[in-house]
Amino acid sequence: MIDLKTIDFKNIDAVIYLGCGDLQRLPDFPNDTYVVLLDADSAIIDLLEIQFSNQPKINCLHRVVSVDGSESQFNYFNLNSFNGFSEEKVIKALYPGIKLRNSEVVKTSDITEVIKELNIGCNSRNVLLIDIPSLNAQLLQKLKVSRQLYHFRLIVACQQVENFFQDESSASELVTWFSDNGFLAIQQPTTDPDFALITAQTNLPYSFDKVLQNKVQNKEKRGLENISPKRRNISYLQA
């Protein structure tokens, strides 16, 4: 779990926490900060909704996020923090005492559609917290493809140190990925030696270029949608 006490939330517009888990408490966010807590366990979300019912700026959502929105087998273990798509044998290799409680096929939510649903907009004052170790890097890559990665000034991820989960990056690989995509990233140990905390801050000149590029591409797309197919074909031929 991400230690929220170590993060500076001053001057932040929105905080999105994917895989929030059973939070006991939240830090004192600024009054105008919008907070969204998302988890795949509906029981956890029900408890969080009761816990934060008197705080209208905190929104609790039950979402099983994925990279494509397909149906997948979701596993529930006796330790809620490991609930997810990972196979029982992978979890047991880490923690032999883990037991599978239940398994079901669920309809997942595409991460890009979830971000659209939240309507947070693209600015330099949003924070993304992501604690889904079996999917973190894959979800971030999907956000890069959709150009939503640069909606966030700060991204904090709890990531596996070694490659326990299939198709998922290690902590050091994720640090390199962030660096290659315009973030200044560092890796720090956690109380669990199998997981590390990755803190990635946007490199402002790089992220500004990306935001500007997104705006230009969206404007061009809207322009093409507003002209007739015949004129669009002429434009292509002239280009």
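Let me start with strand 1, residues 14-18, where five of the five residues are buried, so the strand is largely enclosed by the rest of the structure; buried here means under 20% relative accessible area, with a 1.4 Å probe and protein chains only, and strands are DSSP runs of E of at least two residues, numbered from the N terminus. This is a predicted model, in which local features need pLDDT of at least 70 and side-chain atom pairs count only at pLDDT 80 or more, while totals for chains, interfaces and linings use all residues. Residues are numbered from 1 along each chain as its sequence is written, and side-chain values use heavy atoms, with hydrogens and water left out.

From strand 1, Ala14, Ile16 and Leu18 point one way, and Val15 and Tyr17 the other. The strand pairs in the parallel sense with strand 2, residues 34-39, over five bridges, where pairing requires at least two DSSP bridges, and alanine 14 stands opposite tyrosine 34. Strand 1 also pairs with strand 8, residues 126-130, again parallel and over five bridges, with tyrosine 17 opposite leucine 129.

Finally, the cysteines: the whole structure has zero disulfides, taking a disulfide as two cysteine sulfur atoms within 2.5 Å. The sulfur of cysteine 20 is 7.0 Å from its closest cysteine sulfur, in cysteine 60, which is too far for a bond.

How values were computed. Buried < 20%, exposed > 50% of the residue type's maximum accessible area, 1.4 Å probe, protein only. Helix = DSSP H or I, 4+ residues; strand = E, 2+ residues; numbered from the N terminus.
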